[in-house]
Amino acid sequence: MTAPGDVPLIVTAQLPRELHARFTALRTAHFPPERNYLEAHVTLFHALPAMCEREACTLFKRLAAEFASVEARVEGIMPLGGGTAIKLSSPAMLSLRDLIAEHFRGMLTQQDQHRPRLHVTIQNKVTGKEAKALQAQLAGTIMPQPFAFHGLELFRYRGGPWEPVKAFAFRGRAAP
C-alpha cells in the first residue's frame, strides 16, 4: 500500500446532499461499473502535491471560516465526447479556486494551472454513440436550478477509490 505522503491530493467542492444523492444515482446508473469507484463530485484540483497536505488543511480551514456557502447553478447536460456530465456554473467558486491556485502557485500540475469547467461526470469512457444516447435520454430532465456549495473536501488519490482526508464546511459570512 502507498504511504499517505506519496499520493496526490484532490480538492472538490461539496455539493448539497440532495444534488449529491441525485447525481450519484445517475452516476451509478450510467457510469461503466468496472470504472465507477466514486460518488458524484466536482473536482477543483486533480493533483496537489502530497507534501502540501498539512498546508492545504490549514488554508482550507481558514477559507471555510471566512466564507459563506458559495452560490452556484445547475445549467444542464454537458457532452464530454466519450461521456456525459451535468454542467454547473459558479463564478464565486471559480474565484475561490483562484485564491487556492495562487496560494499553491509553482506547485500545480499543468492541468491544475487552468480553471476547470465545473461539472459532475455521470458517464465516462463510453462510445460517442452511447454518450449521445444518454444525453438524448436525459434531455429535459436536468433543469437549471440554483444551489450552494457547502464546503471543500480533500482526498488522497489511490488510483481508484479516493481516501477522504477532511471536509471543510463554509461557515463564514464573506462571499468569495
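Are Phe147 and Phe149 buried or exposed?

Guide: Both Phe147 and Phe149 are buried. Buried means under 20% relative accessible area, exposed means over 50%, and partly exposed lies in between (1.4 Å probe, protein chains only).

A word on the source. This is a predicted model, where local features need pLDDT of at least 70, side-chain atom pairs count only at pLDDT 80 or more, and totals for chains, interfaces and linings use all residues. Residues are numbered from 1 along each chain as its sequence is written, and side-chain values use heavy atoms, with hydrogens and water left out.

Now the rings. A pair of aromatic rings is described by the distance of the centres and the angle of the planes. Rings of Phe, Tyr and Trp (its six-membered ring) pair if their centres lie within 6.5 Å. Planes under 30 degrees apart count as stacked, over 60 as edge-to-face, and the rest as tilted. The structure holds three aromatic pairs. In one of them, the ring centres of Phe147 and Phe149 are 5.0 Å apart. Their planes stand at 75°, so this pair is edge-to-face.

Another pair joins Phe155 and Trp162. Here the centres are 5.3 Å apart and the planes are at 55°, so the pair is tilted. Phe155 counts as buried because its relative accessibility is 13%. Trp162 is buried too, with a relative accessible area of 16%.

Rings can also meet a charge. A charge sits over a ring if NZ of Lys or CZ of Arg is within 6 Å of the ring centre and within 35 degrees of the ring normal. Arg27 lies over the face of Phe31, 4.2 Å from the ring centre. Arg97 lies over the face of Phe45, at 4.1 Å from the ring centre.
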